[in-house]
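Biologist: I would like to learn how to read this kind of structure with you. Could we take one feature at a time?

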Amino acid sequence: MLKPTPFDIYRGLKRPTQVLYPKDVAYILYMIGAKPGSTVVEAGTGSGFLTISMAYFLGESSKIITYDVRDDTQRSAKKNADFLGLADRIIFKLGDVREKIEETDIDAVFFDMPDPWNAVKSAYDSLSPSGSLVVFVPTIIQVEKTFMSMRDLFVDVHAEELMSREYQLKENAVRPKSIGVWHTGYIIYGRKSLKGD
């Protein structure tokens with residue numbers, strides 16, 4: 001009846017790992033500051049939903065490079081991207097960003113991994129001046145460790161949590177639903193200064 005939207009795609013993806021929620025993906029896309037023609041590095045490919053979202057919204061002229069240490073998740077994410085006709089916009093790499101990000105002068109880096117604080121220096125070294133690092137983690141302990149590793153290298157470092165609440169819509173009974181998408185994770189953000197030193 002209708003052409004699929006990105007939200008429909010989200011609900012239909014094969015998921016070997018937990019996927020980011022659309023509320024977080026939309027905000028992350030906004031925060032990384034990327035635009036058509038940007039180069040973005042992601043680590044923690046997982047199911048590929050953010051990867052696919054970036055490829056979809058940033059367009060053909062952008063370069064999305066996604067790293068993961070697990071071959072099985074990379075294969076699954078590539079199948080999802082192939083199915084949607086977006087695989088040609090994405091470079092899939094097996095590798096550990098804690099050791100090195102091969103690319104330099106990139107516009108933004110996104111991490112969705114258990115220990116992002118161990119890859120913050122790699123992100124800093126690969127970013128162009130004014131580039132953004134955005135990190136998604138599920139626990140406060142991870143927020144603290146990530147913030148502590150970012151604060152000496154990046155500027156404008158802060159953390160946020162987003163919540164989404166749907167409403168019950170009935171005549172004379174409009175109110176918030178009892179169940180909603182509350183905690184999914186924390187988003188930590190920082191930028192490399194223009195000095196880049």
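Biologist: Where is S130 placed?

Modeller: S130 sits in strand β5 of this predicted model. Let us begin with its backbone. Most residues other than glycine have a negative phi. S130 is not a glycine, and yet its phi is positive, about 80 degrees.

Biologist: Which loop holds D105?

Modeller: D105 lies in the loop between β3 and β4. D105 also has a positive phi, about 55 degrees, without being a glycine. With a relative accessibility of 59%, D105 counts as exposed.

Biologist: Now the sheet. What is the order of its strands?

Modeller: Read across the open sheet of 7 strands, the order is β3-β2-β1-β4-β5-β9-β6, and the pairing is mixed. The edges are β3 (90-94) and β6 (155-161); each has a single partner strand, so one side of each lacks a neighbour in the sheet. On average, neighbouring strands are turned by 15 degrees against each other, direction ignored.

Biologist: How many bridges join β6 to β9?

Modeller: There are 5 bridges between β6 and β9 (residues 186-191), and these two strands run antiparallel.

Biologist: Which strands does helix α2 touch?

Modeller: Helix α2 (residues 22-32) packs on the sheet and touches β1 (39-43), β4 (106-111), β5 (127-137), β6 and β9. The direction of α2 makes about 165 degrees with that of β5. Helix α6 (residues 140-150) lies across β5, β6 and β9, and runs at about 5 degrees to β9.

Biologist: What does Q142 touch?

Modeller: Q142 is in helix α6. Leaving out residues up to four places away in sequence, Q142 touches M113, P114, W117 and V137. Its relative accessibility is 10%, so Q142 counts as buried.

Biologist: How should I read burial along a helix?

Modeller: An α-helix has 3.6 residues a turn, so residues three or four places apart point the same way. Then count the buried residues. In helix α3 (residues 49-58), 8 of the 10 residues are buried, so this helix is largely enclosed by the rest of the structure.

Biologist: Which residues of α3 are buried?

Modeller: They are F49, L50, T51, I52, S53, M54, A55 and L58. After α3 comes G59, with a positive phi near 85 degrees.

Biologist: And the chain as a whole?

Modeller: The chain has 6 helices and 9 strands, and 47% of its 197 residues count as buried. Among contacts with a separation of 6 or more, 69% are between residues 24 or more positions apart. The accessible surface comes to about 10,800 Å², with 54% of it belonging to carbon and sulfur atoms.

Biologist: Which element has the lowest mean pLDDT?

Modeller: That is helix α1 (residues 6-12), with a mean of 59, whereas β4 has the highest, 98. Over the chain the mean pLDDT is 89, and 89% of the residues reach 70 or more. Where pLDDT is low, the predicted coordinates should not be read in detail.

Notes:
Residues numbered from 1 in each chain as written. Predicted model: local features only at pLDDT ≥ 70, side-chain atom pairs only at ≥ 80, totals over all residues. Heavy atoms only, no water. Helix = DSSP H or I, 4+ residues; strand = E, 2+ residues; numbered from the N terminus. Buried < 20%, exposed > 50% of the residue type's maximum accessible area, 1.4 Å probe, protein only. Contact = heavy atoms within 4.5 Å. Areas by Shrake-Rupley, 256 points an atom, 1.4 Å probe, with all protein chains shown as cover. Pairing = 2+ DSSP bridges. Axes fitted to C-alpha atoms, helices over the stretch in contact; angles between N-to-C directions. pLDDT = per-residue confidence, 0-100.
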